[in-house]
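Biologist: Please pick one part of this model and take me through it closely, with the cut-offs spelled out as you go.

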Amino acid sequence: MSVTFSALGVPGNLAKVLSESGIETPFPIQEATLPSTLAGGDVLGRGQTGSGKTLAFSLPLVARLAQRPQRRKARFPRALIMAPTRELATQIAKTVDPLAKASGLRTTVIYGGVAQSRQEKAMNEGVDIVIACPGRLDDLIKQKIVDLSQLEISVLDEADHMADMGFLPVVRRIMDRMPTGIQHMLFSATLDNGVDKVVKRYLSNPTIHSVDAPQAAVNTMEHHVFVIGNDDKKELIRILAQGTARRIMFMRTKHHAKKMALALSKAGVPAVDLHGNLSQNARDRNLAAFASGEAKVLVATDVAARGVHVDGVELVVHVDPPAEHKAYTHRSGRTARAGSDGTVVTICTPDQQGDVASLLKQAGLKVPFEKVNLNSPVVAKVVGEVAEHVAYVAPAQQTRNPAKKKPAGESSNARGGRGGGRNVRGGEGQSRGGERRRSDRDGASSQSERPAREARGGNADRPARSARGANTERPSNASRGSRAGGRNASAPTGGRSRGPRRASSPTTSGR
Ligand code: AMP
C-alpha cells in the first residue's frame, strides 16, 4: 500500500485540503523530502516542473509555521518563497493559499510591473508568508516595507531560471538579510551558473532529491519534426492549432505571437497570446482563459516556457524552432507534466533543417524529419479530434452589442481589437497606458529585461549571461551552525469543445 501524507507527518488539516482537491498519494519528491523538511531540515530538490515540488515545499512551510503560532507583525514575514517570474509566483500562491488559509496564516504575492501600493498595504497589515519575485522584493526591502530579519523559512524555486535571468546577485543580497540557521529549501533543475554557490552558502546539510533529469521528462513525450515549405507553413499551424485539447505554440517574437493569436482566433480557433509586451493584467487574463479552457491555444514566446505551468497541455508546437536546446527542453516541458503524455512538434522549413538537426542532437534526441503536406495522416494524428469552429467577433462588434452572447472562447480571444473596441485580453495589453515598449525579440529580451523590470534600477550588479558549465551533483554541505528553531481543478468552460483528447486533468498547476 502506498504511503499517505499523514503517515509522512503532514498535519491532518493540510492532508484534508489536499484530499479535497484529489491529491491523496505523495509524489516521489514529496515522499522523499517531507519527513526531513517537516522536521525543519534543508532540502535541495533537483526536480523538474511537474514533479510536485510546489507541495514538497509548501506543506512543510505551512505546517511548521502553524506548529509555532505567533502574532502577525507588520513588515516581518515568517516565510518567503522566491520565484523567477510573476506567473510562477502567482501559481505557487494558488497552491499555498488554501493550505495557509486552513492554518490561519496570511499570504501575499509581491512582484514588479504592478503598483506597489497593494503590496505595501498587505505588508503593513502583517503577512506570514510572502511569495515574491526578487526584483520588487529587493525594492521593498530597501524601502523598509519588508524586513526579513525574523524569517523562519526560505524557499528558492527554479534557482536555475533565476540564474538564467540574471537574478542571482539580487537573490543573494536578499538571502544575506535572512537570519542564519533558518530552514532553506532550494529547487533547481541544474546547479550551474552560480546556483551551486548559493547552495553551498545557504543550505546546511540538505536532503538532496533528484527527480527526473530534463532528459527523462523529454523522453515521456512523442517528438515530431514536420518539414514543410514556407508557402504551407501558416496553414499547417492553423491545422495543428485546431484540436480539442490545450496546446501551446511557441514563437520567436512578441509581435509574431500577438499576430498569430489574432489570426487563429479569426480563423475560428480561439487563441490567446502570452509574451513580454502584455501588461500584467492582460497576461493574467490570457493565462486564466487558457487554464480554464476558454481558449485552447496559447501562442507564447519563451517567457511562457519559463514561468507558465498549466496541466493538460497535450501538444507543444515550436512554430519557430528555438535557438538553443535548453529552450527546446523548457518549451517542450510544458506538455507531459505530472506523468501525463504529450506531443511535441517542431515545424521546420527546408532551410532550417540543418539548425534543427543540431538543436535536437544537442538535446540528445533522435527525431526523424517527416516531410509533410497539409493532408498528411501524421498531421491529422497529432491534431486528434478537431474542435468546433468558433466564429470570431471583432471587439468593436462586441462593444456595440454587449448583450449578445459571445461564442465560447470569444471573450478571451477577441484579441483582434486593433484600434476599435475594447479588446478584452491580449490586444488590450498592447495599447494600455501601463504598457511597456520593448524590443520584439522576446526570447532574448525576456531574460535580460525581466531583472531590469523587477529590480527597477537595482540591477547594476546583473551579470552577463554566461554559458552554463557542467552540473555539480553534490554540494559540499557547508555547515552554518545548528538550527534555531491544486490542484486547482478548473474545469474547462469550453462548452463548444468536446474536452481533451486524452484523460489528462485540465488543471492549473500551483507550482
Ligand atoms: P509541480 O511540480 O509542483 O508544478 O506540480 C505539478 C502538478 O502535480 C500540479 O498540478 C500539482 O497539483 C500536481 N501534484 C502535486 N503533487 C501531487 C500528488 N501528490 N498527487 C497528485 N497530483 C499532484
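**A close look at the sheet**

Modeller: Let's start with one pair in this predicted model: Met82 stands opposite Ala132 in β4. Four bridges join β2 (residues 79-82) to β4 (residues 129-132), and the two run parallel. Strands here are DSSP runs of E with at least two residues, helices are runs of H or I with at least four, and both are numbered from the N terminus. Two strands count as paired if DSSP finds at least two bridges between them.

Now step back to the whole sheet. Seven strands make up an open sheet with parallel pairing, in the order β3-β4-β2-β5-β6-β1-β7. At its edges are β3 (107-110) and β7 (207-210), each pairing on one side only. From one strand to the next, the twist averages 10°. Helix α3 (residues 53-67) packs on the sheet and touches β2, β4, β5 (153-156) and β6 (183-187), where contact means heavy atoms within 4.5 Å. The direction of α3 makes about 170° with that of β6; axes are lines fitted to C-alpha atoms, for helices over the stretch in contact, with angles from 0 to 180 degrees between N-to-C directions.

Local features need pLDDT of at least 70 and side-chain atom pairs count only at pLDDT 80 or more, while totals for chains, interfaces and linings use all residues.

Note on methods: Residues numbered from 1 in each chain as written. Heavy atoms only, no water.
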